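This report is meant for a reader who is meeting the structure for the first time. Please keep the sequence and the 3D view at hand while reading.

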Amino acid sequence: MVTIPYFTALTTYFSYGLLFVFGHLRDFCRSIFKSDQGTPEGYAPLCRDFEDFYTRRLYHRIQDCFNRPIASAPDAWIDVIERYSNDNNKTLFQTEKINRCLNLGSYNYLGFASADEYCTPRVIESLNRFSPSTCSSRVDGGTTVLHKELETLVASFVGKPAALVYGMGFATNSTTLPALIGKGGLIISDSLNHSSIVAGARASGSKVAVFQHNTPSHLEDVLRKAIAEGQPRTHRPWKKIIVVVEGIYSMEGELCKLPEIVAVCKKYKTYIYLDEAHSIGAVGKTGRGICELLGVDPADIDIMMGTFTKSFGSCGGYIAGSKDLIMYLKYVSPGHLYATSISPPSAQQIISAMKVILGEDGSNRGAQKLARICENSNYFRAELQKMGCEVLGDHDSPVMPIMLYNPAKIPAFSRECFKRNVAVVTVAFPATPLLLSRARICISASHTKEDLSRAIEVISEVGDMVHIKYFPTEPEKQQNEEKKLL
């Protein structure tokens with residue numbers, strides 16, 4: 001849980017209060033003096049009132065901090081195109097100027113998103129052999145030998161009998177959950193699970209219960225109550241119960257308490273659905289994810305989900321599990337039956353990257369990348385904490401959110417870092433609660449120590465400017481102790 005400093009919470013509420021008051025006052029004046037309201041007479045608004053208000057009154061004013069177009073591969077350094085606006089940021093126009101920036105925002109955990117001596121030639125070869133797209137779903141003409149090879153390799157890599165690959169990571173969750181469970185079933189979801197899990201749970205038609213983020217004891221309470229009470233109204237036993245968690249939570253950088261959650265699920269005989277989008281390939285001695293890192297047997301996880309968009313420098317996702325499960329999904333999963341299959345070059349990129357990780361390319365580059373991402377992540381997190389920033393997440397996680405809180409600090413932090421040629425991602429509502437705005441740093445194995453030292457210098461300088469160092473540094477702690485003694 002994030003504990004917001006009292007003064008910070010107070011000033012953040014005050015800032016949003018001013019925004020609401022003056023924003024609604026302006027809307028009122030606009031309704032009187034301006035006839036064009038954007039919604040035709042007699043029609044309901046397409047957007048929900050609050051989110052539309054937030055978009056107009058806050059997002060549009062700071063949208064230069066988001067969606068920055070890049071003109072290069074998302075490597076350790078990227079080319080970012082500068083933009084300008086003539087209408088208070090409502091419309092942004094690209095310039096010819098390009099800034100070379102240190103990239104602290106991409107999910108390029110192992111550095112495979114740029115040209116690679118082993119992967120790139122094989123991807124180009126597959127492009128010449130197959131084409132950029134299969135132009136078909138898997139069940140029609142969209143399955144190639146690369147798809148079959150990839151599924152076999154993924155199953156072996158994660159330690160499951162079989163696997164099924166999808167063309168989109170978000171769709172992997174949002175189309176698989178409705179295929180696994182429906183009316184009369186119960187999904188118990190971590191309160192901070194990804195939007196794709198939320199979408200899939202809602203689409204399933206099953207009852208959804210939520211447990212406190214990463215809290216096995218509360219999961220057990222929810223499970224015990226749900227089993228005791230049964231289905232609503234009828235109180236019949238649930239047809240099926242699935243507990244859904246993530247390996248690394250993408251907005252918090254926290255590792256899942258998987259051993260404890262597995263123990264609870266075994267006790268109550270419920271299925272476990274594990275989303276490893278941010279953990280597969282990024283953690284564990286051989287990159288096999290959260291199970292390897294925390295010593296959990298993959299056999300104890302019923303459904304293993306992951307994406308190829310982070311550690312493997314490609315796109316798409318996978319579901320791994322028993323042969324019966326995968327065969328069932330091939331018949332019923334909309335993401336497999338109707339969506340265009342993952343492109344052959346993308347599949348080849350994943351196969352090649354996975355072989356590098358496994359050392360099958362004839363080198364030890366995969367082991368070096370895994371060691372470097374771990375070393376870089378822990379070094380950067382320690383340095384941020386030393387300077388007094390509030391950093392979420394756990395040791396070994398390559399995702400580290402720096403808390404900003406106040407809405408004015410979102411554009412200030414982003415713009416000042418950009419001026420110093422450091423590209424960061426800031427995250428605000430609706431991706432996070434209103435009070436918990438943050439800058440999410442993602443570390444890569446492609447970052448050198450010099451890159452990280454430069455980033456620390458810039459963040460420290462900007463942190464002093466925008467006042468995000470909420471905790472005393474070590475020298476300040478020592479001074480405070482000395483004053484107490486005096």
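Predicted model: local features only at pLDDT ≥ 70, side-chain atom pairs only at ≥ 80, totals over all residues.

What follows describes strands, salt bridges and surface patches in turn.

## The model and its strands

Strand β9 (residues 317–321) is mostly covered, since 5 of its 5 residues are buried. The cover extends to both faces of β9, with Gly317, Ile319 and Gly321 buried on one side, and Tyr318 and Ala320 buried on the other.

Two pairings of β9 can be followed in the model. Strand β3 (residues 162–166) is joined to β9 by 5 bridges and runs antiparallel to it, while strand β8 (residues 303–307) pairs with β9 over 4 bridges, also in the antiparallel sense. Gly317 of β9 can be found in both pairings, because Tyr166 stands opposite Gly317 and Thr307 stands opposite Gly317 as well.

## Salt bridges across the chain

Side chains of opposite charge can pair when their charged atoms come close. When a salt bridge is taken as a side-chain nitrogen of Lys or Arg within 4 Å of a carboxyl oxygen of Asp or Glu, the count comes to 19 salt bridges.

One of them joins the side chains of Asp64 and Arg415, with an N to O distance of 2.7 Å. Asp64 lies in the loop between α2 (49–62) and β1 (77–84), whereas Arg415 lies in helix α14 (residues 409–419), so this pair ties together parts that are 351 residues apart in sequence. Asp64 counts as buried because its relative accessibility is 18%, which falls under the 20% limit for burial, while Arg415, at 31%, counts as partly exposed.

Another salt bridge brings together the side chains of Glu375 and Lys449, with 3.3 Å from N to O. Since Glu375 belongs to helix α13 (residues 365–386) and Lys449 to helix α15 (residues 449–466), the pair ties together parts that are 74 residues apart in sequence. Glu375 is partly exposed at 44% relative accessibility, and Lys449 is likewise partly exposed, with a relative accessible area of 37%.

Arg420 and Glu416 also form a salt bridge, in which the closest N and O atoms are 2.8 Å apart, and both Arg420 and Glu416 are buried. Elsewhere, a network of salt bridges links Asp116, Glu117, Asp361 and Arg365.

Which residues form a positive surface patch? The patch is formed by Arg26, Arg30, Arg61 and Lys90. Of these, Arg26 lies in helix α1 (residues 6–33) and is partly exposed, with a relative accessible area of 49%.

A nonpolar surface patch of about 920 Å² is made by Phe14, Leu18, Val21, Phe22, Leu25, Phe28, Ile32 and Phe33. Leu18, one of these residues, has its place in helix α1 and is partly exposed, at 38% relative accessible area.

Methods
Residues numbered from 1 in each chain as written. Heavy atoms only, no water. Buried < 20%, exposed > 50% of the residue type's maximum accessible area, 1.4 Å probe, protein only. Patch = residues over 30% accessible without salt bridge, like charges linked within 9 Å, V, L, I, M, F, W, Y side chains within 5 Å. Areas by Shrake-Rupley, 256 points an atom, 1.4 Å probe, with all protein chains shown as cover. Lys, Arg positive; Asp, Glu negative; His and termini not counted. Charge placed at Lys NZ, Arg CZ, Asp CG, Glu CD. Pairing = 2+ DSSP bridges.
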